[in-house]
Structure formats: C-alpha cells, structure tokens
Amino acid sequence: MRDTYAYSRYCEFSRKNGQEPLSFHDFLGCERVSEQTNTLALLCGCVPQERRDRVLRIVRRPAEGFYRFGSPAARTPGKPVPGETRGNIVMVGSPFFLYFTLEALFDAGLTHEALAIIRRDWGKMLDRGTNTCWETFEMSEKKYTRSFCHAWSASPSIFLTERILGVRPVSPGWRTFRIEPQLGDLDWAGGSVSVPDGTIDVFVRRDPQGGEPIVRYRAPEGYVCENRPQ
C-alpha cells in the first residue's frame, strides 16, 4: 500500500542511497498493476473468489515468456511509459521471482505451465553450457547475466522434488511424510530425498489407464508415508 508510512520508508531508502526522492504526489502516482503483486496476493489467500480467475490470468502471464529486467526504484511516476509494461501490467523480471510464480501455478494445478517455464527458462541456461542457476535472464548476446551461480534462482530444485515427485515432510526430521506427485505432461519421475537416516527414494509413473500416478518408494526404517502405507 502506498501511504504516508510507505513514503517515509521510501524517503529513508533514497537518502541512504544518495537519491533524490519523488514528491509524495509523484510517489502515489507510481502505482502499478503487476504480475508480482497479483501472484503474492493469490499465494497469501487475499483474492476474493469472484476475482480469482482475473488474477490467475495475470499470474499465468510468465508462461508466455515475456520478462523485463529492471529495478523498482527506476519506475517513473504517473502512467507507465512504453517499455515499462506489457499490456499496462508490470512483468516479472528475474528467475528469483519465478519461485512465487511457479508455486502459484502448482497450487492452481497448472503443472503443465509450470513445467513449460522451467524447461524454457532454465533450459536456456543449460543450452549456454552452465550447470548452475543464473541471477538474471539473458540480457543480451554479449551479457548473459550478472551472476552465473545464484541460490535465489534455484527454485526448480525445490519444485521438482516437492511438486513433481510430490515428496514433503509432515513431521520434523521427515519421520512422517507424504507423496502427492504432480506429473503434468511427464510420463515418469524419480528421485531421492536426504533424511537423517538415509534417503527416501521415490519413483512415479503415469497410469496407462488414466488413473492416479503409480508410486513406488523406499524409506529408512522408522519413516512412515502418511498417505501411502507400505
């Protein structure tokens, strides 16, 4: 929310960084409709049911592959100028924020779209010969990114385990856990999760009859799968 408190924090930030702050009037004029704000509102359960479909359309926009790298501090007051937005909506600008986009898509059951983003955007990193996650998307032919190894950009490593394989802890130390795979358009998935006494090994494949995914797993003694007892 842009109010007097937010303005005071903005002015403090500007002074610390040697920037001349906008007037309060111009500060209020920097309001934007953004993919980021709508995504976080959806994740936090702040979206009324009657507005959910409209918000979800905005949240799904990154699947189309349009991003804009930049700093919020560089936004202009008033209406967005050409190049700042697409369709008057501020775009996601980094692999970091796609963590929240992917989480929202998986929560909404849009696994196909989440996988499409991972394949396309992290696939480009692999295509360039790196096996780490970049801080930003490719910026130009001569400048790919600011950092080639950035922990904040590694969200696929989380979602491939938690959502595709569907393995999540229920109690501390993984003593109880659940397996709820979301295969999307994949035929199978397999992986392991490290736990204090070894690994939980999971293999999931699509049911050829169209039913629930077929799950096989192995866990150390004393570890219990809450929703799939052996």
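Student: Which residue follows α3 with a positive phi?
Tutor: This is a predicted model. Helix α3 covers residues 35–43. After α3 comes a residue with phi near 70°, a positive value. That residue is Gly 45.

Student: Is α6 roughly parallel or antiparallel to α7?
Tutor: Helix α6 spans residues 111–127, and helix α7 spans 155–165. Their axes lie 12 Å apart, at an angle of about 150°. Angles over 145 degrees count as roughly antiparallel. Therefore α6 is, relative to α7, roughly antiparallel.

Student: How many residues of the contact of α6 with α7 are charged?
Tutor: From α6 come Thr 111, Leu 115, Ile 118 and Trp 122. They meet Ser 155, Pro 156 and Ile 164 of α7. Five of the contact residues are nonpolar and two are polar.

Student: Which element gives the most to the largest nonpolar core?
Tutor: This core has 40 residues. Among those with the most contacts inside it are Leu 102, Trp 174 and Ile 179. Several elements supply at least two residues each, including α5, β4 (176–179) and β6 (198–205). The top contributor, with six residues, is α6.

Conventions:
Residues numbered from 1 in each chain as written. Predicted model: local features only at pLDDT ≥ 70, side-chain atom pairs only at ≥ 80, totals over all residues. Heavy atoms only, no water. Buried < 20%, exposed > 50% of the residue type's maximum accessible area, 1.4 Å probe, protein only. Helix = DSSP H or I, 4+ residues; strand = E, 2+ residues; numbered from the N terminus. Axes fitted to C-alpha atoms, helices over the stretch in contact; angles between N-to-C directions. Parallel < 35°, antiparallel > 145°, perpendicular 65-115°, else oblique. Contact = heavy atoms within 4.5 Å. Nonpolar A, V, L, I, M, F, W, Y, C, P; charged D, E, K, R; others polar. Core = buried A, V, L, I, M, F, W, Y, C linked by side-chain atoms within 4.5 Å.
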